Every structure is written in C-alpha cells, then in structure tokens.
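Work through the exercises below with the structure open. Try each task before you read its solution.

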Amino acid sequence: YLTKTTGKEGYHIKIRCHPFHVIRQNKMLSCAGADRLSSGMRHSYGKPMDMAARISIGQIIISVRSKDNNTPHVIEALRRAKFKFPGCQTIMR
C-alpha cells in the first residue's frame, strides 16, 4: 500500500523485533501399534519447527519514517498491517 501511494523512496520501514524463540514439536505416531513404537512424553524435547518473536506489552513492533505529507498514508498502512498480528496493537504518532 505504501509503495503504491507514496512511491518506492517515500518511506522507510524498520522491524524492531526479531524471531529468536524456537518453536518445537514432539511428533507422535497415530498408526496401529503406535504405543509399541513411540516413547510418549519420555525425552520429548522435540524438533525445531518454526521461529517466533516474543513481544512484551507496550513494545514497538514496526516503525516507519516518511515525510509529513505522507502521514495519512502511513497511518492507513499500519492500520491494515495490524490485522496481521495477534493481540491488540495501537498506532502511535
């Protein structure tokens, strides 16, 4: 949205949090005779599946720099982007 309204050089977005938290999954068998093959929750550390960022309340997630005449476009872009994140986000000027 920002590229369409302000141009490619009209803004600068910085992501302020990085995904360092590793999400792991202990895969379980669900076939016939799985109770003899699997070990249940014994040694259930799991394999790394994904990465996630741990965000505190009040922590800044995204910051955008632009000229003053592009302020309504930046606020609209952040309003559209906040629906992609779980939880409640506020847009600060």
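This is a predicted model: local features need pLDDT of at least 70, side-chain atom pairs count only at pLDDT 80 or more; totals for chains, interfaces and linings use all residues.

Residues are numbered from 1 along each chain as its sequence is written, and side-chain values use heavy atoms, with hydrogens and water left out.

**Exercise 1. Salt bridges**

Task: Find how many salt bridges there are, and name the residues in their network.

Solution: 
- Start with the rule: a salt bridge is a side-chain nitrogen of Lys or Arg within 4 Å of a carboxyl oxygen of Asp or Glu.
- By this rule there are two salt bridges.
- One joins Glu-76 to Arg-79, at 2.9 Å from N to O.
- The other pair is Arg-80 and Glu-76, at 3.0 Å from N to O.
- Glu-76 and Arg-79 are three residues apart in α3, so about one helical turn separates them.
- Arg-80 and Glu-76 are four residues apart in α3, about one turn.
- Last, look at exposure (buried is under 20% relative accessible area, exposed over 50%, partly exposed in between, with a 1.4 Å probe and protein chains only).
- Arg-79 has 36% relative accessibility, so Arg-79 is partly exposed.
- Arg-80 is partly exposed because its value is 42%.

**Exercise 2. Phe-85**

Task: Say where Phe-85 lies and which residues Phe-85 touches, not counting residues up to four places away in sequence.

Solution: 
- Phe-85 sits in the segment after α3.
- Its relative accessible area is 34%, so Phe-85 is partly exposed.
- Contact means heavy atoms within 4.5 Å.
- Leaving out residues up to four places away in sequence, Phe-85 touches Ile-61 and Ile-62.
- Phe-85 and Ile-61 are 24 residues apart in sequence, yet 10.0 Å apart in space, C-alpha to C-alpha.

**Exercise 3. The lining of the largest pocket**

Task: State how many residues line the largest pocket and how they divide into nonpolar, polar and charged.

Solution: 
- The lining of the largest pocket has 29 residues.
- Ile-62, Leu-78, Thr-90, Ile-91 and Met-92 lie nearest the centre of this pocket.
- β4 (62-66) and α3 (71-81) are the elements that give two or more residues to the lining.
- The lining divides into 16 nonpolar, eight polar and five charged residues.
- For the classes, Ala, Val, Leu, Ile, Met, Phe, Trp, Tyr, Cys and Pro count as nonpolar, Asp, Glu, Lys and Arg as charged, and the others, Gly among them, as polar.
- For the pocket itself, take a 1 Å grid over the protein atoms alone: a pocket is an open set of points where a 1.4 Å probe fits, with protein on both sides within 12 Å along at least five of seven lines, and lining residues have an atom within 4 Å of a point.
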